[in-house]
Amino acid sequence: MSKYFRDIYESLSTMMTGLGITWMHMVRIRKNNVTLQYPEEKWPRPERNIGFDHSNYNVIRTRLHVDIDDCIGCLKCERICPVQCIKIVTEKAPVRGDDIKDIGHVGVTSNGSRKALVVTRFDIDMTECCYCNLCTYPCPEECIYMTGGPNADKHPIDYEFSEFDRSDLIYRFAKPGTKEGMNEVLSKDGAES
Amino acid sequence: MGVVHGEEMVLNIGPQHPSTHGVLRLKVKTDGEIISEITPVIGYLHRCFEKHCENMTYDQVIPFTDRCDYLAAMANNFGYVVAVEELMELKVPEKVEYIRVIMAELQRIASHLLALGVYGLDIGAFTPFLFMLRDRERILDMFEMTCGARLLYNYMWVGGVSHDLPKGFVETAFQFLDYFEPQIEEYNKLLTYNKIFIERTADIGVLPQDVAISYGVSGPNLRASGVKWDLRRNDTYSIYEKFDFDVCIGDGGQGTLGDCWDRYYVRMLEVKESVKILRQALAQMPKDGDVHQALPKKIRPPKGSIYSRTETPRGDLGFYIESDGSPIPTRVKMRSPAFTALSVLGELAGGWMMSDVISILGSLDIVLGEIDR
């Protein structure tokens, strides 16, 4: 019988303790304790470029972006990708390091390397991407990176890229018409020689 | 008045059920409210992790280990890289070891916070869940600050970590610990010693020592049954021998040794011990130093095999790796602690009421990503 009343007492007292804690939280409401109204307000993202000696550390996981003018088509990112979401096709350029104006191909990268290949296809399927960041490390020209962070000056952060159709999430970075243009260039070359 | 036996009924819990913690299906044979037999049906989240590994280089496997135990991805990374490094007989710089221990312990706190909070939610206490997730968020913020990801990190690499800790990390971590330690007391007041919670968990689902050992249950579930076994202490790896911490075991504080309340409370105690380890590690960590051992571009471990195990928040995580000297492993086998924890469920739940199954299942803290792999 005494256990019965002790149980009732303990239930009530511990419940009141818990309610007291929640009550105190309600009274002393701090700014960070409340829910943020997401699309209007956003959580502050941690500062990126903190304290790394060289800024090419890409510590952010967002959408992948490729500066196609800098890409030399070495396929290193395609090979390291654990889910094979990067597809690259290249054609041999007629002259190494030369601009091909017809298709907007730039012969020299911003690092000064002369390009021997024209990238006719560079597709990243962001539905398959697992955001492991492995592709950005081996890139010799640092042209594949995740948007924002240390690269914010090149490309602002973009992590809200939902689409209505899945095929819209396949990002095609090669310049449109490169493949057809390349065929034309090559056949012209063949005719001249 | 004897017990009246009625007709037995088979009831399915899951695969889409909020308290099965993922896509788990339980075939429950019931007689009224009393459970007579319970069979877990798994495989809904099977992603061929082990077969995938046979087609990938050693580096590429790491993002996949993240996805096994997605609530403790750092600990899984840690287990895998320790195994590969043992296979290669590689020694990593001291700073890397410290960073790894700090990350693993932060992850342990984050994982336990989610386990405890969700356990409360299963039982019916909603407030502790919100409080614990709020604090877990701060740990995830620290992970985001370090490696850019909040859940699946790919941070620990073979021979080091992907990059150094950012400036101000140590200060942020100390701030977090100072904030967090008083919070543990609050959780205790709010949930641990709540009479309703105790009534739902104490004396329920008792796991005796011998059953736990014979099933191979590990981690907090084993320690709650009173077995003092922690790989960080008993089969030490990395630099855990440098730190001073206790191996917490259950003591049957509110009922029988090895009941649901003990399994819950051991996790709460472990969070405290992790805070202790973190304080030591953050204070002792060398200020400068390289964070990556010089390695060839393609990792080719010598011919041979290794079985290495580490203590994740869920228990004894083992990796068996077989190498033929090529950059691709011949075989990777993962021994997951949550799988053994789930296998003991049939033993535990027999004879209990329907509502107790939820509290028994929640107290085992399973992650389906790891069970199905």
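Q: Which residue stands opposite B:Tyr307 in β7(B)?
A: In this predicted model, the residue of β7(B) that faces B:Tyr307 is B:Tyr320.

Q: How do β6(B) and β7 of chain B pair, and over how many bridges?
A: The pairing of β6(B) with strand β7 (residues 315-323) is antiparallel and runs over nine bridges.

Q: What sheet are they in, and what is its strand order?
A: They belong to an open sheet of three strands in chain B, with the order β6-β7-β8 and antiparallel pairing. The edges are taken by β6 (304-312) and β8 (331-335) of chain B; each has a single partner strand, so one side of each is left without a neighbour in the sheet. On average, neighbouring strands of this sheet are turned by 15° against each other, direction ignored.

Q: Which helix packs on that sheet?
A: Helix α3 (residues 73-88) of chain B does, touching β6 and β7 of chain B. The direction of α3 makes about 150° with that of β6(B).

Q: Changing topic: which residue in the hairpin of β2(B) and β3(B) takes a positive phi?
A: That is B:Gly32, with a phi near 70°, in a hairpin that has two residues between the strands. The two strands, β2 (residues 25-31) and β3 (residues 34-41) of chain B, run antiparallel and are joined by seven bridges. Within this pair, B:Val28 stands opposite B:Ile38.

Q: How many helices and strands are there in chain A?
A: Chain A has three helices and five strands. Along the sequence they follow the pattern α-β-α-β-β-β-β-α.

Q: And what order do the strands take in the open sheet of chain A?
A: The order is β2-β3-β5, in an open sheet of three strands with antiparallel pairing. At the edges stand β2 (86-92) and β5 (170-172) of chain A, each with a single partner strand, so one side of each is left without a neighbour in the sheet. Neighbouring strands here are turned by 15° against each other on average, direction ignored. Between β2(A) and strand β3 (residues 117-125) of chain A there are seven bridges in the antiparallel sense. One bridge partner pair is A:Lys92 with A:Leu117 of β3(A).

Q: How much of chain A counts as buried?
A: The figure is 23% of the 193 residues of chain A. Among contacts in chain A with a separation of 6 or more, 77% come from residues 24 or more positions apart.

Q: What pLDDT does chain A average?
A: Chain A averages a pLDDT of 79, and 87% of the residues score at least 70. Over residues 49-56 of chain A, however, the pLDDT is below 50; this stretch has eleven contacts in the model beyond near neighbours in sequence.

Q: How many residues does the contact take from chain B and from chain A?
A: Chain B gives 24 residues and chain A gives 22 residues. On the side of chain B that touches chain A, at least two residues each come from α2 (58-66), α5 (127-147), α6 (169-192) and α7 (195-201) of chain B. The most come from α5(B), with five residues. By type, that side of chain B divides into ten nonpolar, seven polar and seven charged residues.

Q: Which residues in α6(B) are buried?
A: They are B:Ala173, B:Tyr187, B:Leu190, B:Leu191 and B:Thr192. Their cover includes α1 (2-27) of chain A together with α4, α5, α7 and α11 (260-284) of chain B.

Q: Why does B:Gly120 count as buried?
A: B:Gly120 counts as buried because it has 25 C-beta neighbours inside 10 Å, and the cut-off is 20 or more. B:Gly120 is found in helix α4 (residues 94-123) of chain B. Not counting residues up to four places away in sequence, B:Gly120 touches B:Ala125, B:Pro128, B:Phe129 and B:Leu191. B:Ser359 is 239 residues away along the chain, yet its C-alpha atom is separated from that of B:Gly120 by 9.1 Å.

Q: Last topic: which residues touch the most other members in the largest nonpolar core?
A: In that core of 106 residues, they are B:Met74, B:Val84, B:Leu345 and B:Ile360. The largest share of the core, 16 residues, comes from α4(B). Leaving aside neighbours within four places in sequence, the contacts of B:Ile360 include B:Ile204, B:Cys260, B:Leu345 and B:Trp352. A second, separate core of 22 residues includes A:Val66, A:Cys71, A:Cys81 and A:Val118.

Methods:
Residues are numbered from 1 along each chain as its sequence is written. Chains are lettered from A and ligands numbered from 1 in the order in which they are written. This is a predicted model: local features need pLDDT of at least 70, side-chain atom pairs count only at pLDDT 80 or more; totals for chains, interfaces and linings use all residues. Helices (H or I, at least four residues) and strands (E, at least two) are DSSP runs, numbered from the N terminus. A residue is buried if 20 or more other C-beta atoms lie within 10 Å of its own, exposed if 12 or fewer, and partly exposed in between; C-beta atoms are placed from the backbone. Two residues are in contact if their C-beta atoms, placed from the backbone, lie within 7 Å. Two strands pair if DSSP finds at least two bridges between them. Axes are lines fitted to C-alpha atoms, for helices over the stretch in contact, and angles run from 0 to 180 degrees between N-to-C directions. Ala, Val, Leu, Ile, Met, Phe, Trp, Tyr, Cys and Pro count as nonpolar, Asp, Glu, Lys and Arg as charged, and the others, Gly among them, as polar. A nonpolar core is a set of buried Ala, Val, Leu, Ile, Met, Phe, Trp, Tyr and Cys residues joined through C-beta atoms within 7 Å. pLDDT is the predictor's confidence in each residue, from 0 to 100.
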